[in-house]
Amino acid sequence: MKLKIAIQKSGRLFEESVKLLKECGIDLNNGKTGVLRTEASNFPLEVLFLRDDDIPQYVADAVADIGIVGENVLIEKGKVVNKVELLGFGKCRLAIAVPKSEDYPGAKWLQGKKIATSYPVILGDFLKKNNVDAEIHEISGSVEIAPGIGLADAICDLVSSGSTLFMNGLKESEIILKSEAALVSNKNLSAEKTALVNKLLFRIQAVKKAKRNKYILLNAPNDKVEAIIKILPGMKSPTVLPLAQSGWSSIHSVVQEDDFWNIIENLKGAGAQGILVVPIEKMII
Ligand code: ATP
Ligand code: MG
């Protein structure tokens, strides 16, 4: 018995999806593009490579047991699946963009306008919620050129940096949805398959935690150790080891990336020297 996972065949989620499996210690026999399915050599996992649009349906229909897909696609397709875990990559937002020269006071601006999008369902919900009557023009790609060629007054499209909008004379005016890649699963998995999903999830969470944290090592004179320990959170409490040079200690701990730079400044202020920061591969607490 193998767990079947659907991931994007090629595109923005492909590489990160394969990388995540690898970081979870799963070796794919054939991670090349163009192959439709492959198997892991050291985990009961079969990988199906699909268009991202098809992943929710395949998982809902149990052709695949689990899948990695953007929340944007998940919501647009409206298929019934479990959202198991957010994965921290493929971050983007679905936004309304209008020509740079326009003033956009709010959704009311869209009244009576023509909006091009590949997300008619999400856009439709947004318009309805805002009591706006607008014409949705569904197109499947290159949405950003629609206003320039006179096809629409505005667009509703995925944005990450905003440079594509800028190059097409558009500005991001309103965010409708924030999205990232998610691990999803079929609603009716057998107990055996659920156990495998949990095994995979355990590894994914360890990888995610490790990415958010750094291992930090530093030296300090013994009389500063107490002050330094107060600054360092640590998993339980920091490790303090004597240095060969008497009167000095080495302190080891784990810090979160978010408050990393503040902590470093405070540590230096408190007398820490020779600070080393190293990545953590896996973290199990
Ligand atoms: P497919 O051939 O699989 O249908 P696609 O062209 O629909 O591919 P991609 O452009 O590869 O899709 O994007 C896949 C997913 O990556 C998106 O659905 C979204 O969740 C995420 N993503 C992150 N940033 C962006 C971005 N700037 N533009 C588009 N998608 C993004
Ligand atoms: Mg697609």
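This is a predicted model: local features need pLDDT of at least 70, side-chain atom pairs count only at pLDDT 80 or more; totals for chains, interfaces and linings use all residues.
Tutor: Residues are numbered from 1 along each chain as its sequence is written, and side-chain values use heavy atoms, with hydrogens and water left out.

Student: Why is isoleucine 175 called partly exposed?

Tutor: Buried means under 20% relative accessible area, exposed means over 50%, and partly exposed lies in between (1.4 Å probe, protein chains only). Isoleucine 175 has 41% relative accessibility and therefore counts as partly exposed.

Student: Where is isoleucine 175 placed, and which residues does it touch?

Tutor: Isoleucine 175 belongs to strand S10; strands (E, at least two residues) and helices (H or I, at least four) are DSSP runs, numbered from the N terminus. Not counting residues up to four places away in sequence, isoleucine 175 touches Arg93, Leu94 and Ala95, where contact means heavy atoms within 4.5 Å.

Student: What makes a set of residues a nonpolar core?

Tutor: Such a core is a set of buried Ala, Val, Leu, Ile, Met, Phe, Trp, Tyr and Cys residues joined through side-chain atoms within 4.5 Å. The largest one has 29 residues, and Ile96, Leu110, Leu123, Phe126 and Ile176 have the most contacts inside it. Its largest share, four residues, is supplied by H4. A second, separate core of 28 residues includes Ile7, Leu21, Ile66 and Ala181.

Student: How do you know which residues line the largest pocket?

Tutor: On a 1 Å grid over the protein atoms alone, a pocket is an open set of points where a 1.4 Å probe fits, with protein on both sides within 12 Å along at least five of seven lines; lining residues have an atom within 4 Å of a point. The lining of the largest pocket has 37 residues, of which Arg12, Asp52, Tyr119, Asp157 and Leu158 lie nearest its centre. H3 gives the largest share of this lining, four residues.

Student: What is the volume of the second largest pocket, and which residues lie nearest its centre?

Tutor: A volume is the space filled by probe spheres set on the points, which are joined across faces, edges and corners; for the second largest pocket it is about 210 Å³. Leu87, Gly88, Phe89, Lys208 and Lys211 lie nearest the centre of this pocket, among 13 lining residues.

Note on methods. Chains are lettered from A and ligands numbered from 1 in the order in which they are written.
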